[in-house]
Amino acid sequence: MSENGQIMLTADDGSEVAFFVLEKADIAGKSYLLVSDSIEEEEAEALILREMEEGDMVMYEVVEEEKELAIISKYFEELLEDIELKPE
């Protein structure tokens, strides 16, 4: 992670995507990242990523399951009082 909180992730197709890490949380034995494509826009896109380990590699997967997403979103909203997360 860079000084400004930006990380580069490699997508399945091999392309690299930059995200800003807004917060990290460990919940029920799993690690999650709240990331955004921008830290300057009020209506920025945000994703919740679940950390997964495969051997010595760390990978991140977008949380899509509705129940898990609702629980983790609520946790991040409480942690970051000035952020409101809206599902699309």
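So, Arg50: at 12% relative accessible area this side chain is buried (that's under 20%, with exposed over 50% and partly exposed in between, using a 1.4 Å probe and protein chains only). Quick caveat: this is a predicted model, where local features need pLDDT of at least 70, side-chain atom pairs count only at pLDDT 80 or more, and totals for chains, interfaces and linings use all residues. Numbering runs from 1 along each chain as its sequence is written, and side-chain values use heavy atoms, with hydrogens and water left out.

Which residues does Arg50 link up with in a network of salt bridges? Glu61 and Glu68. A salt bridge here is a side-chain nitrogen of Lys or Arg within 4 Å of a carboxyl oxygen of Asp or Glu. With Glu61, the closest N and O atoms of Arg50 are 2.5 Å apart; Arg50 sits in strand β4 and Glu61 in strand β5, 11 residues apart. Strands are DSSP E runs of at least two residues, helices H or I runs of at least four, both numbered from the N terminus. Glu61 is partly exposed, at 36%.

With Glu68, the closest N and O atoms of Arg50 are 2.7 Å apart. Glu68 belongs to helix α1, residues 66–79, so this pair ties β4 to a part of the chain 18 residues away in sequence.

Glu78 counts as exposed, at 51%.
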